[in-house]
Amino acid sequence: MSRFNESRLKNSDKAILSVIGLGYVGLVTAAGFGLKGHKVIGVDVDEEKIEGLCNGLSPLYEEGLDEAIKNMDFTATKDYQAVLDTNITFLCVNTPSHSDGSMNLTYLKKATEQLAEALRQKNASHLVVVRSTVTPGTTEEVIVPILRDSGDPEICVNPEFLREGKALHDFMNPSRIVIGDGDGKSGDLLQELYRDFGCPILRTDLNTAEMIKYASNAFLATKISFINEIGNICKKMGIDVYEVTRGMGHDERIGNQFLNAGIGFGGSCLPKDLKGIVARAREVGYEPRILNEVLGLNEEQPLKMVELLKKHIPLLKGKVIGVLGLAFKPDTDDIRDSKAIAIVEGLLEEGAQVRAYDPKAMPNFKKYYPHIDYKSPEEVLKSDATLILTEWDEFKNLDYTNRVIIDGRRILNARKARIYEGICW
Ligand code: UGA
């Protein structure tokens, strides 16, 4: 059993938690526990963010987040001393990548050191939960040694499986909760905290919990590159890959999710995590083959859009090419690792004039591509040809008649175009 006084969680509705790092994972974690009635103290280095949060303003858009933050018992501060008022601290600091794909742990180490310094003043026990995505071995090799001399807190790993745009929903309705610890009991209190989430709770060691996160994302990425490859073969043979997946999905061993062929996977997680686990595998002396190919295919896939376009307009120089969709997926303004970037680059290299529209992501894209034209969807469709790169709902109802459309995301209505090409169908 845990060393903690469990009655604190059992008899009272409210635990007091702290969350270090108020980015996407930290805020959703804070808001999720807030919705469950717990009090949360957030710690971050960004003063502007803290001020906004103290006034009920979320620094990022995520369905339901604003409302949850406004209505919960939440405070944000720069001061690590605040963790002393809590029994559990979630480390949610971001872990960017080095150019070889390995993790840059600078921020996480710094945050852990500051946490360790604060915890040195605490006499009572404390649980530190590593929720940042870290490659297997990181908690044991990096986090545990930093925290060891700070009152010896209990430590566990609790990876998140949240989809951007649906993160709060996913937090409240998890498919599973994974808790890894080094002694088989440090995770007991966390298990208590998650007791009414109505899903399986898996207890593992630290390294396994970290690996579950990477293996899950690597598997999802593999599914996408797999179906894109089948789709590329289908394209050459005049077969519609979506009909093929419809036929596959009824087999429960295969399932029908994450088999939408298209221009590849983007975002801040799948590409980064895949590169992260490849780099980690190399560190331990294994050269991954499937995972390398998954990445390679994903880099080539978007360029097929430019090839298909050139089938209809061989010389792109001086032509106006429309782009519908810049976000890495619908319902977000996020363009990190969006495949639209590679495609716009390809078009510009060919000398095309790009005219783009996205319901949410134009301001972000403009920061990197201020010189392309940003227009309404109707104006974009007047281009010499238009590429569809994100499956936004509003693209389903546009008037595509008389247009030349290259579809990377399967917008059925676009088939009404004068010339229509699907990337894998
Ligand atoms: C992904 C995982 O789905 C989450 O489970 C995980 O928790 C998260 O990463 C993370 O590690 O934090 P997310 O990056 O929000 O979530 O995006 P997804 O919805 O997975 O989509 C990723 C990319 O794959 C998008 O570009 C999307 O268009 C593409 N995709 C997805 C396809 O091309 N085909 C599909 O069938 C599904």
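**Note on salt bridges, strand pairing and helix packing**

1. Lys-166 has a relative accessibility of 34% and therefore counts as partly exposed; buried means under 20% relative accessible area, exposed over 50%, and partly exposed in between (1.4 Å probe, protein chains only). The model is predicted, so local features need pLDDT of at least 70 and side-chain atom pairs pLDDT 80 or more, while totals for chains, interfaces and linings use all residues. Residues are numbered from 1 along each chain as its sequence is written, and side-chain values use heavy atoms, with hydrogens and water left out.

2. Lys-166 pairs with Glu-63 in a salt bridge whose closest N and O atoms are 3.8 Å apart (a side-chain nitrogen of Lys or Arg within 4 Å of a carboxyl oxygen of Asp or Glu). The lysine sits in the loop between β6 (154–157) and α7 (167–172) and the glutamate in the loop between α3 (47–54) and α4 (65–71), so the pair ties together parts that are 103 residues apart in sequence. Helices (H or I, at least four residues) and strands (E, at least two) are DSSP runs, numbered from the N terminus. Glu-63 is partly exposed, because its relative accessibility is 48%.

3. The model has 28 salt bridges by this rule. One of them joins Glu-192 to Arg-195, with the closest N and O atoms 3.5 Å apart. Glu-192 counts as buried at 14% relative accessibility, whereas Arg-195, at 47%, is partly exposed.

4. Lys-339 and Asp-337 form a salt bridge as well, the closest N and O atoms lying 4.0 Å apart. In this pair the lysine, Lys-339, is buried, with a relative accessible area of 9%, and Asp-337 is partly exposed at 34%. Elsewhere, salt bridges link Lys-14, Lys-39 and Asp-73 in a network.

5. Strand β4 (residues 88–91) directs Ile-88 and Phe-90 one way and Thr-89 and Leu-91 the other way, and all are buried. On one hand, β4 runs parallel to strand β1 (residues 16–20), to which 4 bridges join it; two strands pair if DSSP finds at least two bridges between them. Leu-91 of β4 stands opposite Ile-20 in this pairing.

6. Strand β4 is also joined by 4 bridges to strand β5 (residues 127–130), and these two run parallel. Here Leu-91 has Val-130 of β5 as its bridge partner.

7. From β5 the pairing continues to β6: 4 bridges join the two strands, which run parallel. Val-129 stands opposite Cys-156 in β6. Cys-156 points the same way from β6 as Glu-154, Ile-155 and Val-157 point the other way, and all are buried. Glu-154 is therefore a charged residue type in a buried position of the strand.

8. The axes of helix α9 (residues 206–237) and helix α11 (residues 270–283) come within 9 Å and cross at roughly 115 degrees; axes are lines fitted to C-alpha atoms, for helices over the stretch in contact, and angles run from 0 to 180 degrees between N-to-C directions. From α9, Met-211, Lys-213, Tyr-214, Asn-217, Ala-218, Leu-220, Ala-221 and Ile-224 meet Leu-270, Asp-273, Leu-274, Gly-276 and Ile-277 of α11, where contact means heavy atoms within 4.5 Å. This contact comprises 9 nonpolar, 2 polar and 2 charged residues (Ala, Val, Leu, Ile, Met, Phe, Trp, Tyr, Cys and Pro are nonpolar, Asp, Glu, Lys and Arg charged, and the others, Gly among them, polar).

9. Gln-301 occupies the loop between α12 (290–300) and α13 (303–312). With 1% relative accessibility, Gln-301 counts as buried. Apart from neighbours within four places in sequence, its contacts are Asn-228, Asn-232, Gly-262, Ile-263, Gly-264, Ile-423 and Cys-424.

10. Asn-402, although not a glycine, has a positive phi of about 70 degrees; Asn-402 lies in the loop between β12 (385–388) and β13 (404–407) and is exposed at 58% relative accessibility. Arg-410, likewise not a glycine, has a positive phi of about 65 degrees. Arg-410 is placed in the loop between β13 and β14 (419–422) and is buried, with a relative accessible area of 17%.
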